[in-house]
Amino acid sequence: MSIKPRLFSTIQCLRHENPLGLPRSGAPPQLPRMQRGLPTKRPLPSVRKTIAVSSAKGGVGKSTIAVNLALAFARLGHRTGILDTDIFGPSIPTLLSLNGQEPRLSGNNQLLPIVNYGVKSMSMGYLVGEDKPVVWRGLMVMKALQQLLWEVEWGGLDILVMDLPPGTGDTQLTITQQVVLDGAIVVSTPQDIALRDAVKGVEMMRKVDVPLLGMVQNMSVFICPKCNHSTHIFGSEGVAHACSKHDVPFLGDIPLHASICDDADRGKPTVVAEPASGRAQAFMAIAERIAKDVKL
């Protein structure tokens, strides 16, 4: 069986200045190195509004919420994209049923997003094999992030959703210091151990002067499909209390439901798979509020 050659390689061309191995002829000039102080924030080319979805802790369903919000924006009629900024653990290809796809290059040697369900997407997961780990040190990771930020040809978007990796480290700091963000959303479950890290994410956004659109409480309540009894497995109103305490808007609840997980695993998120369900309507309501807050 013949193997189709890749357009470019992240294995054969591991240079600090070009870790994704993109052709350099005709590419935009390299960003100047930071001399002193903080870098200047710039809007992403051809993108009207950019929002970040953060959690500061893994395992709270941030990527599932990010992709469903992007799909909700698209259903509202907005030209929408999603950028997966998690270099080590990209999730967007799986969530959009795009595993194995490879982005093509524009005439300017920029990456062209891959589209599904009406949403444009870019992810490190498209540039390496599905089961291949990214075993890079910090300098390579940061340069790859720069290329994902500035060398993607979005072709005109009303809104771009950035799915941030967990934590409050280099990736988050690079994005918040270099990109003009119209707002950030922090996702958490109601339990205290997740909220402690979520509050750190809130405080980080404040420290770097990113507007806080609010917090989303994921896995808020489980409703038994047989008896309709509701159970707050992770607590009831932890995120709402944290929002009140830290003066952050509360954007809404996403229930704990097996279908949300199943929809995500099969690459057809709930907003697309079950648009009439209460679960999808919860995502739509949050998206509508965000669109109003950022004046989309």
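Me: What sits over the ring of W150?
Reply: The charged end of R42 does, at 3.9 Å from the ring centre. Bear in mind that this is a predicted model.

Me: Switching to the core. Which residues touch the most other members of the largest nonpolar core?
Reply: M162 and I290, in a core of 84 residues.

Me: What does M162 touch, leaving out residues up to four places away in sequence?
Reply: Its partners are L44, T50, I51, A52, V53, L83, T85, L149, I175, V179 and L181.

Me: How much of the chain is buried?
Reply: Buried residues account for 53% of the 296 in the chain.

Me: Cysteines next. C243, buried or exposed?
Reply: C243 counts as buried because its relative accessibility is 4%, and the cut-off for buried is under 20%.

Me: And where does C261 fall?
Reply: C261 is partly exposed, since its relative accessible area is 44%. That class runs between the buried limit of 20% and the exposed limit of 50%.

Me: Last topic, the fold. How many helices and strands?
Reply: Nine helices and nine strands in the chain.

Me: Of the contacts between residues at least 6 apart in sequence, what share joins residues at least 24 apart?
Reply: 77% of those contacts do.

How values were computed:
Residues are numbered from 1 along each chain as its sequence is written. This is a predicted model: local features need pLDDT of at least 70, side-chain atom pairs count only at pLDDT 80 or more; totals for chains, interfaces and linings use all residues. Side-chain values use heavy atoms; hydrogens and water are left out. Helices (H or I, at least four residues) and strands (E, at least two) are DSSP runs, numbered from the N terminus. Buried means under 20% relative accessible area, exposed over 50%, partly exposed in between (1.4 Å probe, protein chains only). Contact means heavy atoms within 4.5 Å. A charge sits over a ring if NZ of Lys or CZ of Arg is within 6 Å of the ring centre and within 35 degrees of the ring normal. A nonpolar core is a set of buried Ala, Val, Leu, Ile, Met, Phe, Trp, Tyr and Cys residues joined through side-chain atoms within 4.5 Å.
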